[in-house]
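These are my notebook entries on one structure, in the order in which I looked things up.

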Amino acid sequence: MTSFLEYAPAPESTAILNLKDSYGLFIDGEFVAGHGTPFATISPATEKHIATIANANAADVDTAVAAARRAYDKTWSKLSGADRGKYLFRIARLVQERARELAVAESLDNGKPIKESRDVDIPLVAAWFFYYAGWADKLDYAGLGAAPRALGVAAQVIPWNFPLLMLAWKIAPALAAGNTVVLKPAETTPLSALLFAEILQQAELPAGVVNILTGAGDTGQALVQHPDVNKVAFTGSTAVGRAIAKSVAGTGKKLTLELGGKAANIVFDDAPIDQAVEGIVNGIFFNQGHVCCAGSRLLVQENVHHEVVDRLKQRLSTLRMGDPLDKNTDIGAINSREQLDRIRELSDIGEAEGAERWTAECAIPENGFWFAPTIFDNVSTSSRIAREEIFGPVLSVLTFRTPAEAISKANNTPYGLSAGIWSDKGSKILAVADELKAGVIWANTFNRFDPASPFGGFKESGYGREGGRHGLAAYLTSTVLQGAAL
Ligand code: NAD
């Protein structure tokens, strides 16, 4: 029976966007031509061309690093913390003013639902700049040693899953601490970083303090390997992070790595099941599961396993997949054909390994890259879908009987970025959290972010922390700091 209350489409207008046909590199305060072969950025929901994007080669990387060095020596390092803070406050306010436009651009280029870019990504971008603006004149009180100093030029490389938010996580603390920046966004999502460059012009940030180079992996490689860079901050896959760690070793560059994850979301039988189901959905289907800290392994206590999985399937059957710009959409497009192929491949492997596959019934749009929410039940701990990061809307379900078994299964992964615990008993949550090897642990919630809270991993999820006071440490040095184990 069809419901009388079907949703009518509610697409967000793209009229607010004033995009150019092509974008240059943002170097020394201006958009300039790149010397590599330009590439196209497309909408993953329609495969339609959005804009032509400049490609930075090694010579462009040189120019950008030189601009950042000049800006560091001549302007940025000469400003007081209070003055740096004023620029950051200005940027934060401009992000808020242009929030709707940024949200539309992000959803268009990335494929994420507009309700997420509008209500999560962009507000957090502004929050990150506000938060670090507040730190800029208080570095002496951050507990990071006496009179901490900036490092110099920071090379920053980010992924495509939260394009503008990852940019904010990188640029806000770097500038607050007094560094200048050369940042490379991911090749499939350069658009919001280029609109951000316009915001920097509006904010009249001194030329060269932030430079944005678009391009692919080779641009990123040339940037992190540049000899005049003092700090490398990378967010992306563990494989690339490992290669960067090798290339940076012995150079004296300070390095932070935010890499992949395979988080356990642990549901005990005394958990409020309805809330837990919402948390499981938010944990793995938010942003199509393109989330490094996604709760991609559901560990559910055996006696509530069937109840939880049944309710989860009911809930997933109500999710709407489709146009990312439609305000009703819960699940948007997969970011690229390459990522879609990877999700399909690992899901086929899961099926071949004997896990029970269930996929929500969704109408798949004709064009674009789509993958309906999928659950694999009765997954064994040795299965590849329980061990490897799928980075898509796919949940692996495993069971446990005792807290000790839950802890052992949760920690049975090369990653250690995040975890979730659902229980009515605070003491149980604290005891289990104490044993989990994960950088961030949520209790009776999941995927909550706050600029004051440090985020980062253990093991193959990387090292260093972003966010909070800890996030400043990655961009500062002092005599006390150098000797301290942070
Ligand atoms: P990726 O490693 O392929 O690419 C990330 C960025 O690195 C892109 O900008 C890319 O162009 C660049 N790059 C590629 N090769 C490079 C090289 N050799 N040297 C320097 N730069 C290079 O990752 P991805 O597929 O874009 O992103 C998904 C991955 O990112 C997932 O594994 C996810 O878990 C991880 N991630 C981690 C966090 C975190 O905070 N821990 C956050 C978001 C994403």
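**Entry 1: strand 10**

I began with strand 10 (residues 231-235): 5 of its 5 residues are buried, so the strand is largely enclosed by the rest of the structure. I count a residue as buried if 20 or more other C-beta atoms lie within 10 Å of its own, as exposed if 12 or fewer do, and as partly exposed in between, with C-beta atoms placed from the backbone. Helices (H or I, at least four residues) and strands (E, at least two) are DSSP runs, numbered from the N terminus.

Two notes on provenance. The model is predicted, so I kept to pLDDT of at least 70 for local features and 80 or more for side-chain atom pairs, while totals for chains, interfaces and linings use all residues. Residue numbers start from 1 along each chain as its sequence is written.

I then checked which way the side chains of strand 10 go. K231, A233 and T235 point one way and V232 and F234 the other, and all are buried. In a regular strand the side chains alternate between the two faces of the sheet.

Next I looked up the partners; two strands pair if DSSP finds at least two bridges between them. Strand 10 pairs with strand 7 in the parallel sense over 4 bridges, and A155 stands opposite V232. Strand 10 also runs parallel to strand 11 (residues 254-258), joined to it by 5 bridges; here K231 stands opposite K254.

**Entry 2: I158**

I158 sits in the loop between strand 7 (153-157) and helix 5 (163-176). I158 counts as buried because it has 27 C-beta neighbours inside 10 Å. I listed its contacts, meaning C-beta atoms, placed from the backbone, within 7 Å. Leaving aside neighbours within four places in sequence, I158 touches M166, L167, K170, L183, P185, A186 and T235. T235 is one of the buried residues of strand 10. I also noted T189, 31 residues from I158 along the chain, with 10.0 Å between the two C-alpha atoms.

**Entry 3: the ligand shell**

Which residues are closest to the ligand? Of the 29 that surround it, they are G217, G220, G236, E258 and C292. The criterion is a C-beta atom, placed from the backbone, within 6 Å of the molecule. Helix 7 (217-224) and helix 8 (238-248) each supply at least two shell residues, and the largest share, 4 residues, comes from helix 7. By type I found 14 nonpolar, 11 polar and 4 charged residues. Here Ala, Val, Leu, Ile, Met, Phe, Trp, Tyr, Cys and Pro are nonpolar, Asp, Glu, Lys and Arg charged, and the others, Gly among them, polar.

I traced an open sheet of 7 strands in the order 14-15-16-13-12-17-18, with mixed pairing. Strand 14 (356-359) and strand 18 (440-443) are at the edges with a single partner strand each, so one side of each has no neighbour in the sheet. Neighbouring strands are turned by 20° against each other on average, direction ignored.

Strand 12 is covered on both faces: A264 and I266 on one side, N265 and V267 on the other, are all buried. Strand 12 pairs with strand 13 in the parallel sense over 4 bridges, with L298 as the bridge partner of N265. Strand 15 (residues 374-377) and strand 16 (residues 394-400) run parallel, joined by 3 bridges; I375 has L395 as its bridge partner.

Helix 10 (residues 305-316) lies across strands 12, 13, 14, 15 and 16, at about 165° to strand 15. Axes are lines fitted to C-alpha atoms, for helices over the stretch in contact, and angles run from 0 to 180 degrees between N-to-C directions.

**Entry 4: positive phi**

I looked for non-glycine residues with positive phi. Q288, at about 55°, is in the loop between helix 9 (273-285) and strand 13, and is buried with 33 other C-beta atoms within 10 Å. K459, at about 50°, is in the loop between strand 18 and strand 19 (462-463). K459 is partly exposed, with 18 such atoms within 10 Å.

Definitions and conventions:
Contact = placed C-beta atoms within 7 Å.
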